[in-house]
Amino acid sequence: MIRKLLVANRGEIARRVFATCRTLGIETVAVHSDADADAPFVAEADQAVRLPGNTPAETYLRIDLILDAARRCGVDAVHPGYGFLAENAEFATAVTDAGLTWVGPAAKAIAAMGDKLAAKALLAEAGVPMLPTWTDPGPVPSFPVLVKASAGGGGRGMRVVRDAAGLAEAVAGARREAASAFGDDTVFIERYVERGRHVEVQIFGDSFGTVVALGVRDCSIQRRHQKIVEEAPGVLSDEVRERLHEAAVAAGRAVDYVGAGTVEFLLAPDGEIHFLEMNTRLQVEHPVTELTTGLDLVRLQLLVAEGAPLPLAATPPATGHAIEVRLCAEDPAHGYRPATGTLHRFALPGVAAEFGPLTAPGLRLDSGVVDGSAVSVHYDSMLAKVIAWAPTRAEAARALAGALARAELHGVATNRDLLVRVLRSPEFAAVDIDTGFLDRHPGVFAPLLPAEQLPLVALAAALASAADRRARAGALAGLPSGWRNVPAFPQVTRFSSPDGREIEVRYRLDRSGGLVEWSMSPVPGTSGSAPTGTGEAADAAPIVTPVEVAPERVVLDVDGVRWVYRVHRVGSEVFVDGPNGATGLAELPRFPLPTAELAAGSLLAPLPGAVARVHVEVGQRVAAGDLLLTLEAMKLEHPVLAPTDGLVTELPVPAGGQVDTDAVLAVVTPDEESPS
């Protein structure tokens, strides 16, 4: 029996494993980097051991440090979570060689499936259907194709190539990303199936030879080849479902599989299925299987690791429908690049359970963060998984979209709006989905907050900020808001919007606090045009009456309809959640300090990271769109492109150099300004 368990991972998956351990009476041990010292998973463990450093290579990928922590804490078992060392056969061997119980498949099975090329060959012999595959770009006969990392996962090291001209660079880029993410730059090429659905089968095996399929999940909604929406059971015909189950069980039996695993397939429009890969671990999306089968997959992992037989011998029937979304720290205003910062507020309404089962239709939250959590550049951008379970797919999608839309997510930009729009789209409702869904429906990337509503949000932020200052004014708090010697002069508040525009709110109140006039417009000299309905012209402005104004709540009557805005202020940041969406505004000082002026053509780092590769030299002439350098951050490569034709005049950071947000990466002087 397992008495004390170390989880060799972090964040949400560590908390998930700890939750089951508590129900089973198993003591828990966390390991953590310096960046994670104050993370929730560390606080929830019975014991925790520091791994000095911040990067994964310094900490969570150090087998020697993790085994030393296990020895010091007297654990008798290790759970790898997912990611990091979860699919590392060397780690599994080291754990068992140390006399500890490994909660996962045998090292032999991990090694067999970890090399995707070898896995395809092995499973093809077992009768599992495969896509055509090449290891050399030379003989590729037709396009499109997909370049994939042999040791990869999570979409890293993957490139879609549609013609022969782009193949060499795609292979080179995939090799670099694979080497960085997995320490192995081996890649291969396989045929790319247009409009294919990404479906997967959860399997479970025990040491008595039983391998069972636990249903099919659909994970087709993806961005950058990374899943963002997953559901179970996948909406499929019984015949296709049965073929998937048979192929997945055959794959498990081919490697004498023990424990939780996932066999992933591509379902072509013609109904043919093609093996993609087998993940020898628990998957991120395992909660949708748990909610529709009533099983605790972590509990099953622990029981099987202890040598017990599986308590089931056949696929259990699915009950209801579950949909999961991956809520990630990503900035919609800047191409959904990973975002960092402090999560000042993280609140989702209606959560009925965390990391565990639901006894009635509702929401489950599996989160790695809480209020005040720091989102670091060192790790994956996923903050949490939000899962809805309901009798039908339509009900689950509606409940999940509603909870996300009402969530208060302050301090770090997220992909929340994208997820809500996907769940509410008619195409998703009709199950018209595949891996190219987001490419075909760019409208889902639009923010929930309509542009014409921004003036009201900015007005609510300005009124709440004034109320906050008045509440902190001591003896002067009783004066009317905006009292001044020249009452006809409006109050002015300036904000910076998420897309970088400066906007100006002007309003004037009467003696009773009523709104006499208001308007909003871009600050002169800044980019962007004025939104519609801003009140710049008297006949264009709605009639707005403040009903309630407080530092954290503003109620406005707008043409006879009441709008309630929740306001949360942190320093100069003002977060506003309203009926039609949310946004964050930065209140600008009335008298800004002078700042150093950047050279024209300066390209700034969008987030902290490391310069992975510099592709140009000082003095080189470039064209708009040319690749200048690649920045590596949060396990992804971010290309930095020339904004215009011109001359590269500065490259202040060499390859390997670390940079902070807004550091100058390069200067491209436009042709008309370049020295002759």
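1. Basis. Because the model is predicted, local features need pLDDT of at least 70 and side-chain atom pairs count only at pLDDT 80 or more, while totals for chains, interfaces and linings use all residues. Residues are numbered from 1 along each chain as its sequence is written, and side-chain values use heavy atoms, with hydrogens and water left out.

2. Dimensions. Along the principal axes, the C-alpha atoms fill a box of roughly 85 × 70 × 55 Å.

3. Burial and surface. Of the 676 residues, 52% are buried, that is, under 20% relative accessible area with a 1.4 Å probe, protein chains only. The chain exposes about 28,000 Å², and carbon and sulfur atoms supply 52% of that area (Shrake-Rupley method, 1.4 Å probe).

4. Secondary structure. The protein chain has 15 helices and 40 strands, taken as DSSP runs (helices H or I, at least four residues; strands E, at least two) and numbered from the N terminus.

5. An open antiparallel sheet holds four strands in the order β33-β40-β38-β35; strands pair if DSSP finds at least two bridges between them. β33 (602–604) and β35 (621–622) are the edge strands, each pairing on one side only. Three bridges join β33 to β40 (residues 664–670), and Ser 602 has Val 667 as its bridge partner in β40.

Methods
Buried < 20%, exposed > 50% of the residue type's maximum accessible area, 1.4 Å probe, protein only.
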